[in-house]
Amino acid sequence: MSSIFITRKIFDEAIALLDGAGLDYWHNAADTPLDLPKMGAQLAEAEAIICLLTDKVDAQVMDAAPNLKIIANTAVGYDNIDVAAAAERGIIVTNTPGVLTECTADLTFALLLAAARRIVEADAYMRAGKFEGWELFQPHLGVDVYGKTLGIVGMGRIGTAVARRALHGFNMKVLYNGPRKAPQAKSLGVEYVSFLELLFESDFISIHAPLNRATRHMFTLHEFKMMKRKPILINTARGPIIKEDDLVQALQQGLIGGAGLDVFEEEPIAHPSLAGLPNVVMVPHIGSATTATRRRMAMMAVENVVSVLGGRRPLNPVNRVLSQK
Ligand code: GLV
């Protein structure tokens with residue numbers, strides 16, 4: 001009998017935590033993606049699901065798991081889970097905040113710098129043996145980062161970590177927008193502006209918002225046309241926040257200067273035209289992808305499960321359930 005259903009391979013240390021707590025589990029150590037609604041026996045027995053952001057956990061999955069107490073997502077974002085359906089059924093949902101903040105902020109800056117300084121194009125040029133010597137008008141003239149204006153959409157943990165890098169490392173002016181003003185904004189030295197103002201005034205725009213009804217397709221052609229400074233747009237949050245067809249058009253029409261993308265609207269597929277655009281830097285959703293961070297995420301997901309199955313409160317709940325099952 002397995003009371004914990006682990007949908008994908010996780011770190012040995014995390015498994016050891018379950019062993020130490022004397023908990024039973026079914027671990028998909030083969031690590032191939034599962035079709036969750038078809039996992040009858042695993043769901044029927046599950047008191048906990050430990051899943052990845054690629055696992056869609058909806059009402060159908062929950063209804064096939066009558067004993068389910070907790071869904072522990074191994075990610076900070078949880079748009080893959082129907083959180084309201086979970087709450088209605090008394091199922092706790094948890095995520096992994098904090099442990100991936102700095103790592104994701106680093107990747108954000110890596111994309112920003114790579115796009116601004118055309119690192120990927122220049123690297124390909126070197127590898128192709130095309131470099132013939134320093135010239136004033138080299139083929140890879142980019143744009144300055146130091147001292148420019150960065151607009152951050154979503155001043156949560158990751159947005160704040162990106163702002164710190166921009167302020168202290170690159171002397172940037174940092175504007176931000178979000179559903180509410182951030183309490184840390186004043187001490188940090190960032191300025192709240194309207195979304196429109198952020199679009200008008202930014203040389204770089206970086207997205208750090210969760211995906212939800214309010215943020216889906218927050219960036220369409222309409223918004224790209226408002227971007228007076230032709231900024232470079234960075235997205236390390238969730239792909240569907242940008243309407244990818246419109247992003248391609250904006251890039252093709254020169255409405256924006258470039259894009260640094262870690263996430264895509266229909267992952268794992270990226271819009272086919274993106275690959276042909278030299279002013280785009282793309283990576284495969286690696287914001288949190290360092291070994292140490294991924295290990296911490298797995299540990300945190302397991303710690304939430306150990307806590308809830310042990311009759312204690314979850315450490316990182318994202319929903320409120322009236323009565324914990
Ligand atoms: C990664 O995208 C995460 O949400 O942790």
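**Domain contact, sheet and salt bridges in the predicted model**

Between domain 1 and domain 2, one salt bridge is counted. The structure is a predicted model. The salt bridge in question can be examined at the level of residues. Arginine 238 is paired with aspartate 79, and their closest N and O atoms lie 2.9 Å apart. By the domain assignment, domain 1 is made up of two segments, 3–97 and 291–309, while domain 2 covers 101–282. A search for polar contacts across the interface of domain 1 and domain 2 returns one residue pair, with both residues at pLDDT 80 or more. On the side of domain 1 that touches domain 2, two residues are classed as nonpolar, two as polar and one as charged.

The centres of the two domains, taken over C-alpha atoms, are separated by 32 Å. Five residues of domain 1 and four residues of domain 2 take part in the contact. The size of an interface is often expressed as the accessible area lost when the parts come together. For domain 1 and domain 2, the area buried between them is about 470 Å², and carbon and sulfur atoms account for 55% of it. Within domain 1, the residues that lose the most area to domain 2 are Asp79, Pro97 and Thr293. Together, these three residues contribute 69% of what the domain 1 side buries.

The partner of β8 is β7 (residues 173–177), and the two strands pair in the parallel sense over two bridges. In this pairing, tyrosine 176 stands opposite tyrosine 192 of β8.

Over the structure as a whole, 15 salt bridges are found. One of them joins the side chains of aspartate 123 and arginine 127, with an N to O distance of 2.4 Å. Both residues lie in helix α6 (residues 119–127). Aspartate 123 and arginine 127 are four residues apart, which is about one turn of the helix.

Notes:
Residues numbered from 1 in each chain as written. Predicted model: local features only at pLDDT ≥ 70, side-chain atom pairs only at ≥ 80, totals over all residues. Heavy atoms only, no water. Domains from an automatic or database assignment. Contact = heavy atoms within 4.5 Å. Buried area = accessible area lost by both parts, 1.4 Å probe. Salt bridge = Lys/Arg side-chain N within 4 Å of Asp/Glu carboxyl O. Polar contact = N/O pair within 3.5 Å; in protein donor to acceptor, adjacent residues only side chain to side chain. Nonpolar A, V, L, I, M, F, W, Y, C, P; charged D, E, K, R; others polar. Pairing = 2+ DSSP bridges.
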